[in-house]
Amino acid sequence: MKNYFKFTMWTYPPLSQFTPDEVDVWADCGMTVPMAPKMFYDKDDPADLIPFLDRAEQRGVKLLAFYDDLGFDKIPVLGEEEYERRLREICDVIGSHPALYGFVIGDEPGTAEEYRAGADCLRIHKKVAPHLEPILNYSGSMATISKEPLHGMTPAEWAVMTKRESGVHDFVYDEYSQQVNNGGGKDNFFHTMKVMVDAAEKAGCDCWTNLLSSEHLVFHA
């Protein structure tokens with residue numbers, strides 16, 4: 001697994017709508033780190049994910065666990081102590097499974113408060129389970145926004161800071177501008193890639209680019 005390119009996808013429906021057979025579909029489609037279906041701390045038993053993890057191990061892929069109510073946006077609500085307690089409770093059940101890659105912890109922070117919460121979430125996840133990799137998906141606009149949401153830092157400085165604080169290994173961002181219908185998207189696509197890859201390399205992280213591959217809102221195929 002560690003020698004594969006990392007291919008994943010967004011999986012938004014709840015776990016109850018899937019069976020472990022779906023892991024075969026993901027693997028057959030070429031996913032190497034599939035994102036598991038959505039779960040909730042107060043509703044779902046973490047053990048329910050084990051059959052999916054077992055199938056992933058059989059297929060030679062790893063899964064990303066996705067708890068919708070344990071994203072970075074919940075740290076200001078729960079507080080770090082309660083967030084960590086909930087995460088430890090889940091990790092006690094599935095955290096040692098060899099097919100678990102880590103947890104998806106949120107998508108596209110935008111404000112200074114959200115960026116800080118995301119960094120705190122990365123730190124807590126690596127503290128609780130240093131062998132797992134939390135995945136925080138930054139927006140590609142991080143490459144072009146002002147420094148204010150990044151607390152006065154450049155993307156590279158932010159990546160270095162989160163690496164130093166948490167030890168996280170993956171720097172993940174999405175980029176959709178290559179599918180914008182205004183003719184200028186491709187230039188922005190390569191500019192963003194340059195800024196974000198440079199940031200990942202500066203921090204010593206692997207860079208994941210999450211590319212839009214379907215029609216979506218204002219985007220074309």
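Me: Which residues have the most contacts inside the largest nonpolar core?
Reply: In this predicted model, the residues with the most contacts inside that core are L49, F103, Y138, M142, W158 and F171. The core has 55 residues.

Me: Which helix gives the largest share of this core?
Reply: Helix α5, residues 112–128, contributes the largest share, namely seven residues.

Me: And M142, what is in contact with that one, leaving aside neighbours within four places in sequence?
Reply: With those neighbours left aside, M142 is in contact with Y115, L150, P155, W158, F171 and M196. W158 and F171 are also listed with M142 among the residues with the most contacts inside the core.

Me: What does the second core include?
Reply: The second core is separate and has nine residues, including V33, F66, Y101 and V172. As a general point, nonpolar side chains in soluble globular proteins tend to be buried together.

Me: Switching to N137. Where is it placed, and is it buried or exposed?
Reply: N137 is in strand β4, which spans residues 135–139. Its relative accessibility is 2%, so N137 counts as buried; the cut-off for buried is under 20%.

Me: Which side chains make polar contacts with the side chain of N137?
Reply: One is the side chain of D107, at 2.6 Å. The other contact joins the side chains of N137 and D174, at 2.9 Å.

Me: What else does N137 touch, not counting residues up to four places away in sequence?
Reply: On that basis, N137 touches W10, G106, D107, E108, P109, V172, Y173, D174 and N210.

Me: Now helix α1. Which of its residues are buried?
Reply: Helix α1 covers residues 21–28, and its buried residues are V23, D24, W26 and A27.

Me: Why are they on the same side of α1?
Reply: They cover an arc of only 165° around the axis, and therefore lie on the same side of α1. In general, an α-helix has 3.6 residues a turn, so residues three or four places apart point the same way.

Me: What covers those buried residues, and what follows the helix?
Reply: The cover includes β1 (35–39), α2 (50–59) and β2 (63–67). After α1 comes G30, which has a positive phi, near 100°.

Me: Another glycine, G95. Where does it lie, and is it buried or exposed?
Reply: G95 lies in the loop between α4 (80–94) and β3 (100–107). With a relative accessible area of 4%, G95 is buried.

Me: What is G95 in contact with, beyond neighbours within four places in sequence?
Reply: Beyond those neighbours, G95 is in contact with I90, L100, H131 and L132.

Me: Zooming out, how many helices and strands does the protein chain have?
Reply: The protein chain has seven helices and six strands. Along the sequence they follow the pattern α-β-α-β-α-α-β-α-β-α-β-α-β. The radius of gyration is 17 Å, close to the 17 Å that the globule rule gives for 221 residues, so the protein chain is as compact as a globular protein of that length.

Me: What share of the residues counts as buried, and what box do the C-alpha atoms fill?
Reply: Of the 221 residues, 49% count as buried. The C-alpha atoms fill a box of roughly 45 × 40 × 30 Å along the principal axes.

Notes: Residues numbered from 1 in each chain as written. Predicted model: local features only at pLDDT ≥ 70, side-chain atom pairs only at ≥ 80, totals over all residues. Heavy atoms only, no water. Buried < 20%, exposed > 50% of the residue type's maximum accessible area, 1.4 Å probe, protein only. Helix = DSSP H or I, 4+ residues; strand = E, 2+ residues; numbered from the N terminus. Arc of directions from axis to C-beta. Contact = heavy atoms within 4.5 Å. Polar contact = N/O pair within 3.5 Å; in protein donor to acceptor, adjacent residues only side chain to side chain. Rg over C-alpha atoms; globule rule 2.2 N^0.38 Å. Core = buried A, V, L, I, M, F, W, Y, C linked by side-chain atoms within 4.5 Å.
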